[in-house]
Amino acid sequence: MKLALFIFLLPLFGQAYPDFISYGYRTCITCHYNGQGGGALNDYGRAVWAGELTARTFTGSKTGDELGEESGFLGKTELPWYIRPGFKYRGLFLQTDVGSKNAVNRWINMQSDANLAVLLDKRQEKILVATYGYTPTPRRFSSTNEPKPSNWTSHEYYFRWLVEKKQYLYVGFMDKFYGLKHPDHTAFNRALIRNSQNDQTHGVAYQYLADNYDITAHLFLGNLSQDKDLRQAGFSTLYEYALEKNLTLGGTAMYLANDYLEQKVGAVISRLAFARGKSIFFEVGLKDEKNKTTSTSTLGYYGYMQGLIAVERGYNFLTTLQMYKAELNSSSAVQNRMSVGGLFFPYPRTEFRFELVNDRISAPENSSPDQWSLQAQVHLAL
Amino acid sequence: MTAGLGLFSWQEKVPVILNSNKFDTNATFSSLGPSIGFQGLITPRYRYGVDFAYHSGVVDILKLDGAVSPRRNFKSYWLSGKLLYRWTKTFALGPDILYSQKSIQDLPDSTSYGGFLNLEYDLFTEVKLIQALGSVGDSGSLAYSFTLVRTF
């Protein structure tokens, strides 16, 4: 009951995906332990998912309050206040070359994680968070003699400290604070700028959450489990200002380097909720990459736009448009990726995504026929 | 009345010459440009619209073995008529029929037709985003556009 009351008294906090600004949730930290989103959900995030986002198709006559109260790790059974475990699984059915005789079907176990949050005080001012899990071997290792990385790895372990009111400090191993974070780690605004599924880094981040803006600075040393020459050390910043309750505008930047490369990226970000459950957001940026071995540099751009339209509670129409151009000269290829599909929360702790993806590459002397793929994803959380 | 700015991407067949043989092959068109339009109500739930868009950009002819696959500039005029069903207060969808006239550098002018499904979201009171998915010409390939529109 206390949890339900909390939800209705504080409707303007929390976020699972950037799209959920359309439910009044502008910042990430009320739903996630990590202030940039992603990773383990806290009690409030679990309750929002179950009570506000999930369809009522298969939940009988249960109210949002009741679903929220059952959203804990053991359902209604409360765990001791200082410990919050969780499990996450994401699996993907992928069909490439859709509609052709060369179509290939694959099932990919993308994520099988156990996470644990240890609360060091009842006010949750100091929290230890860790996520450990299975990661599939990247496909490139199937055709090389390189030693394969371990499939069982830590994805994050950090200490979060509420230093002062609205001010958070994060120390440890985590994702870089850059851009608008969403779960598609293959997206151009994640995979192509070294902020993808396995690009976590050791470092320190400071976050200030004001009433109408938030700002984060992240200083990182790279992944210390990698060889020293490979570690991508640098810094990133993220700023987002709420022009209105339902409209934000901001900027983000990141610099990283190791012995072989140097990367500078910066982007404009914006999110707009135009009705309850209906939103669009975009991130448009420049990427400057220098290959230290050859002393060559390239300057290109990327763009990511997503629209999420709730048809009814738990069932959403999803559109994504992405662009990438590695170099700004006219001969460089432009990659466009357009996907349409659905994002569904049919049952508590369950998410389905279905997307038909069109990849289009356009360039002088190098244009190729469109590639189509079908992606059906299941996400289960305990 | 509406006025907007759109981003367009589609594939359509264009003529190429390979080993002295002339034939049609797919080419990717990418463009940007303004549009104006008009919408009227049929019933509170249904409305119709007519849009005119002028856009210009580049066309990349798909790579063929032994053929030159150049990039060309082009400009295109799109005239479309649509019927929209208002699903929710802010969201409408419906079919859109297109007539297209285009001029490609070094190639003859040509005419083509297309069909789209339009999805329109009212972002603000007078501003909407129109997302169109369909196909143009006989390419059998996806065509799409995103147009930001202001209503007057």
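View 1. A:K278 stands opposite A:I309, a residue of strand 12 of chain A. This is a predicted model, in which local features need pLDDT of at least 70 and side-chain atom pairs count only at pLDDT 80 or more, while totals for chains, interfaces and linings use all residues. To find your way, note that residues are numbered from 1 along each chain as its sequence is written, and that chains are lettered from A and ligands numbered from 1 in the order in which they are written. Strand 11 and strand 12 (residues 296–312) of chain A run antiparallel, joined by 14 bridges. Two strands pair if DSSP finds at least two bridges between them. Helices (H or I, at least four residues) and strands (E, at least two) are DSSP runs, numbered from the N terminus. Four residues lie between these two strands in their hairpin, where A:S295 takes a positive phi near 55°.

**View 2. The hairpin of strands 10 and 11 of chain A.** Strand 10 (residues 261–275) and strand 11 (residues 278–291) of chain A are also antiparallel, with 14 bridges joining them. Look for A:V268, which stands opposite A:V284 of strand 11. Two residues separate the strands of this hairpin, and A:G277 in the turn has a positive phi of about 80°.

**View 3. Helix 2 of chain A.** How many residues of helix 2 (residues 43–53) of chain A are buried? The count is 11 of its 11 residues; among them are A:Y44, A:W49 and A:L53. A residue is buried if 20 or more other C-beta atoms, placed from the backbone, lie within 10 Å of its own. In chain A as a whole, 38% of the 382 residues count as buried. Chain A has four helices and 16 strands.

**View 4. Chain B and its strands.** Chain B has zero helices and eight strands. Its C-alpha atoms fill a box of roughly 60 × 25 × 20 Å along the principal axes. Of its 152 residues, 39% count as buried.

**View 5. Where chain B touches chain A.** The contact takes 26 residues from chain B and 23 residues from chain A. Two residues are in contact if their C-beta atoms, placed from the backbone, lie within 7 Å. On the chain B side, the strands that each supply at least two residues include strand 1 (2–18) and strand 8 (143–151). By class, this side has 12 nonpolar, nine polar and five charged residues. Here Ala, Val, Leu, Ile, Met, Phe, Trp, Tyr, Cys and Pro count as nonpolar, Asp, Glu, Lys and Arg as charged, and the others, Gly among them, as polar.

Note on methods
Buried ≥ 20, exposed ≤ 12 C-beta atoms within 10 Å, placed from the backbone.
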